[in-house]
Amino acid sequence: MTWLLIIIIIIIAPHSGDWLLALPIANCGLRLDDEAVRVAVSMRLGLALCAPHSCPCGGQVDAQGVHAMVCKKAPGRIARHQVLNGIIWRSWGSVSIPATKEPPGLVRQDDKRPDGLILIPWKGGKSLAWDVTVVSTLAQSYVNKAAIGAGTVAELTAKQKLRKYSNLTTNLIFQPIAVQNFGAFSSSSSDFISALCHKISSVSGEERETSFFFQRMWHCNDSMQFFCTTFSYQDDPDQ
Ligand SMILES: [Zn+2]
């Protein structure tokens, strides 16, 4: 029942359904094959994804495939983060704002690196550093929080990121981009993406840039989640 509530909350979140609006153009990363679509739909509707089985890491994958999305050995999790970060990074290019990935030396006390930094001012004479985090909504540790409302897990994650990067040099704005794995962003992430896409629209003249952005985000996310499920089916991923 909790899962059903979570799913209803998330599928009505703004832009969570934009992946269904994408034209299936493979060269733009917008084409999912049939099995990837089955996984994407099953996850969003809480349907059985697979027969319960053992993951190569030793964990147990239930019928909804929750473990496959949080497995620390699944290569798709890291790839998902890199691909989603790449979408943000390329968006800066769309508005001719130079940006770099994983800049060193921004935190005085240690070697923590946010995912990216723009090299000219964004607001109030300050440039902006960002960091992307994708959280699995149905992970056991988040289920109760996720049932409260759309984006509650993303909000929690965004706060954790703000704490993590609280020691960034003072001439920077830090922007967490926190997203739940099949819908919903933290409020500041949504506001930031809206502002960025509005800027892209002002350059391209295309009013649907925000929807296009979310279409790319969700398709990359769903492709990588599909890879996570396929990893969990392997008997020995090293062979
Ligand atoms: Zn595993």
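In what order do the 4 strands of the open sheet sit? Reading across, the order is S3-S4-S5-S6, with mixed pairing. At the edges are strand S3, residues 99-101, and strand S6, residues 172-180, and each of these pairs on one side only. Going from one strand to the next, the twist averages 20°. Keep in mind as you look around that this is a predicted model.

Strand S4 covers residues 116-118 and strand S5 covers residues 127-135; the two run antiparallel and are joined by 2 bridges. If you want a landmark there, pick Leu117, which stands opposite Ala129 in S5.

Let's step back for the overall picture. The protein has 8 helices and 6 strands. Walking from the N terminus, you pass through the elements as α-α-β-β-α-α-β-β-β-α-α-β-α-α. How does the radius of gyration compare with the globule rule? It comes to 18 Å, close to the 18 Å that the rule gives for 239 residues, so the protein is as compact as a globular protein of that length. The C-alpha trace spans about 55 × 45 × 40 Å along the principal axes.

Helix H4, residues 75-94, lies across S3, S4, S5 and S6, and runs at about 150° to S5. H4 also has a helix partner: its axis and that of helix H8, residues 209-233, come within 8 Å and cross at roughly 165°. Angles over 145 degrees count as roughly antiparallel, which is why H4 and H8 are described that way. Their crossing is right-handed.

Who actually meets whom between H4 and H8? On the H4 side you'll find Pro75, Gly76, Arg77, Ala79, Arg80, Val83, Leu84, Ile87 and Ser91. Facing them from H8 are Phe213, Arg216, Met217, Cys220, Asn221, Met224, Gln225, Phe227, Cys228 and Phe231. Sorted by class, the residues of this contact are 12 nonpolar, 4 polar and 3 charged.

The axes of H2 and H8 come within 9 Å and cross at roughly 95°, so H2 is roughly perpendicular to H8. From H2, the contact takes in Glu35, Ala36, Val39 and Ala40, while H8 brings Asp222, Ser223, Gln225, Phe226 and Thr229.

Finally, look at helix H7, residues 187-204. Its axis and that of H8 come within 8 Å, crossing at roughly 120°. Is H7 parallel, perpendicular or oblique to H8? With that angle, H7 is oblique to H8. H7 passes H8 in a right-handed crossing. The residues that meet are Ile193, Ser194, Cys197, Ile200, Ser201 and Ser204 in H7, and Glu209, Thr210 and Phe213 in H8. By class, that contact has 4 nonpolar, 4 polar and 1 charged residues.

How values were computed. Residues numbered from 1 in each chain as written. Predicted model: local features only at pLDDT ≥ 70, side-chain atom pairs only at ≥ 80, totals over all residues. Pairing = 2+ DSSP bridges. Axes fitted to C-alpha atoms, helices over the stretch in contact; angles between N-to-C directions. Contact = placed C-beta atoms within 7 Å. Parallel < 35°, antiparallel > 145°, perpendicular 65-115°, else oblique. Left-handed = near helix turned anticlockwise from the far one by under 90°. Nonpolar A, V, L, I, M, F, W, Y, C, P; charged D, E, K, R; others polar. Rg over C-alpha atoms; globule rule 2.2 N^0.38 Å.
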